[in-house]
Amino acid sequence: MFVLELTKVAAGIIFLICLGFIIYWAIVRWQGDCHFQIMKKRRTPFAVRSMSLNQVEVSCTVPVRNTGKQAGTLMDVFLRTYLPSEQYQGSVVRGCLTDADKPRDDGYWESCIVNQGAEKTLLLMIRFEGKSGNILRDMESFPDMPIDIIYQVVGRSDWYYAKSRIELTAEELRQALYRHTSEAR
Amino acid sequence: MAELQLIPVHTRILTKKDHIVDAIREYAGKDITDRDIICSAESVVAITQGRYTRPEELNVCWQARVMNRFVPPAGSMASLYGMQAAMLEEGRWNMMFSFILGALGKLVGKRGIFYARCRQASLIDDVTGTMPPFDKSIVYGPADADKVCQEIKEATGAYGAVIADVNDLKRAAVLGHSQGLDPQKIASILIDNPFGNASQKTPIVIIKNFKDAL
């Protein structure tokens, strides 16, 4: 008899714990969290920012939008270029990313809160330092280059990193250089 | 009678390798007289005490996960890691109990019970709350605030010292003060945020001629 009562109590406690979990997950599901999305379709074309005999810097902007149901914090955002020496050796490539509305030149991302439905505009800058003394010649063999935008998010759930890929194609770079040199003439 | 003046003091970025008393002496020592009050920004005092952490260093407990879901979006407790950081200071069960008490209090029209019982929850600056390089850190409230103020007063020869939490929303609170000062009065003097915004790097303000204005 005692064992039966004890079993009933244990079953009751387990039931309450399970109920608590179900209610918690229902709230989490209903409340949601922040969710950031790089709006790749709204990326501007790369354009030349500065150019000299031995180097050229191109840039573009791309918005990141909080499409989630809560405000979220972009703790860190940075970019990474993928161009191994096996594929291209014409120049040294360096990338930098900053908030277009509060640009910095130190590569540091100042963490910021992005409200639900709001956006931040990211400014991506890619610098090519030539090796031959003629940057236009160095860029002739430039292939398509993937660029990952990597961002760290903190919200109502655990922090995480995510990434989104854009591409600087050889054709887009050629057009940017052509536009710049045409305007310079 | 000399006029009351608020003088913000520019410093470099202070870190946990600095001591707030030494920093005040270095940057403001020559301007301080025995008629002045030294005011230090609470987050900078906490940083010099090493009282900050990063979200990546925190293991979030289930109590923080549950409570965080019931907090409105604005404020440091809306962040999971802000909540966890507060729990490390106040104790997770104390926070949970206070949270339930606070919720019950609201039902009968009594507000502020939670923050009155868990002071750190109201003092914590979540990520983005402090200027770089601490924008990625959660900064606690300062420890031993009254004792630090007494040390500042004795080391500088000032009339008094306070640690204050002031923002641009016309909110000013004195979290610690040396003996003999009226914190409400100092808070009302600081209401227009003479510390400026974080990027101005003026974490110390001297209230000149305070003794004369009494």
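What percentage of the 214 residues in chain B do buried residues make up? I looked this up first in the predicted model: the share is 43%.

**Overall form.** I recorded 10 helices and seven strands for chain B. I then took the extent of the C-alpha trace, which is about 55 × 40 × 25 Å along the principal axes.

I traced an open sheet of five strands in chain B, in the order E1-E7-E2-E5-E6 and with mixed pairing. E1 and E6 (171-177) of chain B stand at the edges with a single partner strand each, so one side of each has no neighbour in the sheet. On average, neighbouring strands are turned by 30° against each other, direction ignored. I examined E2(B) and E5(B) (residues 160-167), which run parallel and are joined by five bridges. Here Ile38(B) stands opposite Ala161(B).

**Helices on the sheet.** I found that H1(B) packs on the sheet and touches E1, E2 and E7 of chain B, its direction making about 60° with that of E7(B). H8(B) also packs on the sheet, touching E2, E5 and E6 of chain B, and its direction makes about 125° with that of E5(B).

**Helix H1.** Which residues of H1(B) (residues 20-28) are buried? I listed Ile20(B), Ala23(B), Ile24(B) and Ala28(B). Seen down the axis of H1(B), they fall within an arc of 100°, so they line one face of the helix. Their packing partners include H2 (42-48) and H8 (145-156) of chain B.

Methods:
Residues numbered from 1 in each chain as written. Chains lettered and ligands numbered in written order. Predicted model: local features only at pLDDT ≥ 70, side-chain atom pairs only at ≥ 80, totals over all residues. Helix = DSSP H or I, 4+ residues; strand = E, 2+ residues; numbered from the N terminus. Buried ≥ 20, exposed ≤ 12 C-beta atoms within 10 Å, placed from the backbone. Arc of directions from axis to C-beta. Contact = placed C-beta atoms within 7 Å. Pairing = 2+ DSSP bridges. Axes fitted to C-alpha atoms, helices over the stretch in contact; angles between N-to-C directions.
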